[in-house]
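Hi,

Here is the structure I promised to pass on. My notes on what turned up in it follow below the files.

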Number of protein chains: 2
Amino acid sequence: MNRTYFTVGPTELYPEIKKYALMATKDKIFSVSHRSKEFTIIHLQTCLELKKLLGIPKNYYIFFTGSATESMERIIQNLVCKKSFHFVNGYFADRFYNIACQLKKNPQVIRADYGSGFDFNKISIPKDTELICLTQNETSTGVAIDMKHIYNIKKKHPDKMIALDIVTSVPYTKIDFSKIDVAFFSVQKGFGMPAGMGVIVIKKECIEKTKMMQEKGFNVGAYFNFVAQAQNAEKHQTVATPNIAGIYMLGKICKLLNERGIDKIRKETEIKSALLYRFFDEHRYVRPFVKDKDLRSKTTLVFDSIIDSDAIIKRLSDKGFVISYGYGDYKNKHIRIGNFPMHKINDVEKLLHTLNNL
Amino acid sequence: MNRTYFTVGPTELYPEIKKYALMATKDKIFSVSHRSKEFTIIHLQTCLELKKLLGIPKNYYIFFTGSATESMERIIQNLVCKKSFHFVNGYFADRFYNIACQLKKNPQVIRADYGSGFDFNKISIPKDTELICLTQNETSTGVAIDMKHIYNIKKKHPDKMIALDIVTSVPYTKIDFSKIDVAFFSVQKGFGMPAGMGVIVIKKECIEKTKMMQEKGFNVGAYFNFVAQAQNAEKHQTVATPNIAGIYMLGKICKLLNERGIDKIRKETEIKSALLYRFFDEHRYVRPFVKDKDLRSKTTLVFDSIIDSDAIIKRLSDKGFVISYGYGDYKNKHIRIGNFPMHKINDVEKLLHTLNNL
């Protein structure tokens with residue numbers, strides 16, 4: 001049976017991925033050396049298309065990692081001497097915080113109930129904080145933070161760096177990167193690619209911090225430290241053999257999305273999320289987990305079920321639609337639905353029709 | 001023009017990769033969750049096929065990383081409190097040593113001239129060494145260490161762990177893993193896959209060391225520490241979303257090689273390397289860099305040119321054969337030729353014929 005993945009990632013691939021893979025195999029793109037001119041052109045093209053799509057300014061580097069989890073680790077390791085500050089309202093924000101704990105960075109944390117947001121006016125961030133970590137879109141709970149709150153934090157604390165988890169919000173969420181120091185995502189969500197690659201977008205200035213940390217004897221990791229990554233990124237190279245296929249595919253997907261137009265993609269995302277929320281707002285036993293409508297994610301929608309969610313997920317799977325279980329403690333209480341640019345309005349309607357007749 | 005890659009990696013893909021990619025896309029393998037049963041089956045199958053192919057005992061874990069460089073970092077970080085010992089006779093062995101320096105593990109080093117081996121009888125390894133690091137096959141110089149020397153080191157130092165770089169020697173080199181504690185490779189060499197995934201093979205006992213390090217407060221990294229990786233590997237899962245496509249492909253390639261028979265593959269590798277060395281032993285201006293025939297790698301062959309190697313490489317490329325430049329300082333002095341299982345005897349003959357008529 002032909003199944004459609006409405007999971008929160010890994011999710012449905014763009015249908016074009018197959019074409020790109022065949023093109024690349026034919027042209028033997030995956031055999032080229034990462035030190036060759038051919039590779040630097042691929043790297044450059046991907047950076048240009050990605051920057052165009054997301055509106056990333058010139059004074060930002062693009063680094064490639066193995067996953068968003070590795071990105072979290074590298075960011076903490078390379079930008080925090082002693083103290084990070086974490087907004088935690090879900091499992092992935094908690095992961096970012098835990099990584100800072102594991103790396104012994106004495107992280108401070110402000111917690112909100114899962115499914116809720118923060119009262120940003122009431123939060124005071126200690127003076128000696130170096131990096132403020134936020135999860136713009138919590139994949140585990142379906143809460144999205146309005147970017148205006150994040151810009152306000154930066155305005156209030158221009159001396160501190162902001163690190164933003166945008167794993168499941170790009171390319172939907174419009175971000176003014178000039179007000180963010182570092183952000184990261186992985187490609188198996190909104191970019192509809194096979195998993196295995198993370199991307200860090202980082203302001204060039206931030207590298208000075210890593211240099212200072214190196215000089216002071218802090219452990220900033222080995223070959224993947226940001227100074228080395230920046231030196232290589234300047235030449236459109238990488239410190240070690242990278243996921244060349246991933247970098248190539250990301251460039252192609254960004255080019256495709258640029259051609260379609262990001263405004264159109266954003267509008268379609270909103271149309272689809274409105275359809276989904278409207279359906280579940282009136283559902284008998286499955287309701288949006290996030291009560292405050294202003295906090296509801298448009299890309300990873302989480303719903304609370306009064307019956308075991310396993311039954312819904314399995315019956316839906318039998319009808320050809322794959323959606324995600326809840327995360328962590330919510331595994332059998334929630335269902336999660338991904339709403340990314342490769343998901344067609346038509347397929348959302350089919351999904352809802354199927355749900356209606358389960 | 002259809003080019004054949006005889007590079008040392010990334011190199012020629014197995015032609016079957018295209019078929020596997022199409023199968024996986026059709027079956028939507030790259031959309032499955034890494035927490036799903038489907039993924040644990042893929043993980044399990046890959047581990048079984050790999051273990052069968054390389055003769056890895058049951059009491060070893062398979063961990064997946066982003067690259068061999070990352071593997072080096074994780075190994076040092078997770079297995080060395082204070083002191084590692086490094087045999088360095090090339091750039092990649094030096095990288096392993098440098099990573100230990102960057103992680104402040106006070107590494108000791110014994111160096112041999114690039115292109116030469118070690119006089120193992122004369123080397124004394126300090127008592128307080130925790131991990132002995134060796135590069136079984138130096139991709140930068142084309143020197144391979146006979147496994148018997150490595151087994152002897154373990155026999156003499158049963159209390160110390162041995163970490164072995166087998167990046168470009170697997171699956172050719174026959175290894176008795178029971179005499180090795182940890183080994184690592186990447187998939188874009190002898191496994192003829194797109195780059196972007198490293199593999200660590202590690203004795204389960206080694207994890208006790210990481211546990212002890214954690215308890216004593218050493219920095220063993222965050223989510224990718226070996227205790228967490230082992231806990232996940234036990235369940236055929238991974239700590240973060242992995243390169244699912246890479247894990248899937250590796251299993252398929254190992255299955256293919258198991259069907260062909262590893263003994264046959266090894267014999268063919270020797271036939272091809274004999275053809276190549278015989279040709280260059282008698283060449284006018286390009287000669288094997290490694291003078292001692294017992295030290296010559298069968299998988300990454302390095303040749304010294306009295307003319308600028310760039311001219312040879314470019315002219316060969318014009319005729320449809322891509323080979324590698326020299327590494328580091330040898331860039332324009334050497335040529336390097338990869339000899340992996342996907343390289344056909346017939347194509348080696350064509351390569352030599354073309355070289356003869358350049």
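Predicted model: local features only at pLDDT ≥ 70, side-chain atom pairs only at ≥ 80, totals over all residues.

Let me start with D281(A), which is partly exposed, with a relative accessible area of 26%. The side chain of D281(A) forms a salt bridge with K293(A), and the closest N and O atoms are 4.0 Å apart. D281(A) belongs to helix α9 (residues 262-281) of chain A, while K293(A) sits in the loop between β11 (286-288) and β12 (300-305) of chain A, so the pair ties together parts that are 12 residues apart in sequence. K293(A) itself is exposed, at a relative accessible area of 57%.

Another salt bridge within chain A joins K154(A) and D181(A), at 2.8 Å from N to O. This one links distant parts of the chain: K154(A) is in helix α5 (residues 147-156) of chain A and D181(A) is in the loop between β8 (161-165) and β9 (182-186) of chain A, 27 residues apart. Both K154(A) and D181(A) are buried. Over all chains, the structure holds 44 salt bridges.

Now for the pairs that cross between chains. How many salt bridges does the rule find across the interface of chain A and chain B? There are 6 of them. In one, the side chains of E73(A) and R74(B) meet at 3.2 Å, N to O. That pair runs from helix α3 of chain A, which holds E73(A), to helix α3 (residues 68-79) of chain B, which holds R74(B). Are these two partners buried or exposed? E73(A) counts as buried at 1% relative accessibility, and R74(B) counts as buried too, at 0%. A salt bridge also brings together the side chains of K28(A) and E12(B), at 2.5 Å from N to O.

Sorted by class, the side of chain A that touches chain B has 19 nonpolar, 22 polar and 11 charged residues.

Some totals for the interface as a whole: 52 residues of chain A are in contact with 52 residues of chain B. Between them the two chains bury about 4,100 Å², with 54% of it on carbon and sulfur atoms. K28(A), S31(A) and Y223(A) supply 15% of the area that chain A buries against chain B, more than any other three residues.

On to symmetry. A rotation of 180 degrees, with 0.0 Å of shift along its axis, superposes chain A on chain B at an RMSD of 0.0 Å. That is the relation of a two-fold axis. The C-alpha of G66(A) is the one nearest the axis in chain A, 2.6 Å from it. As for the surfaces used, 100% of the interface residues of chain A are also interface residues in chain B, so the copies meet through the same surface.

- The peptide bond from G9(B) to P10(B) is cis, with omega near -5 degrees; P10(B) is in the loop between β1 (4-5) and α1 (16-26) of chain B.
- The peptide bond from V170(B) to P171(B) is cis as well, with omega near 0 degrees; P171(B) is in the loop between β8 (161-165) and β9 (182-186) of chain B.
- K28(B) is not a glycine, yet has a positive phi of about 55 degrees. The loop between α1 and α2 (37-54) of chain B is where K28(B) is placed, and K28(B) is buried, with a relative accessible area of 17%.
- N106(B), also not a glycine, has a positive phi of about 45 degrees. N106(B) is in the loop between α4 (91-102) and β4 (108-111) of chain B and is exposed, with a relative accessible area of 51%.

Cheers

Definitions and conventions:
Residues numbered from 1 in each chain as written. Chains lettered and ligands numbered in written order. Heavy atoms only, no water. Contact = heavy atoms within 4.5 Å. Buried area = accessible area lost by both parts, 1.4 Å probe. Nonpolar A, V, L, I, M, F, W, Y, C, P; charged D, E, K, R; others polar. Least-squares fit on C-alpha atoms with pLDDT ≥ 70 in both. Helix = DSSP H or I, 4+ residues; strand = E, 2+ residues; numbered from the N terminus. Buried < 20%, exposed > 50% of the residue type's maximum accessible area, 1.4 Å probe, protein only.
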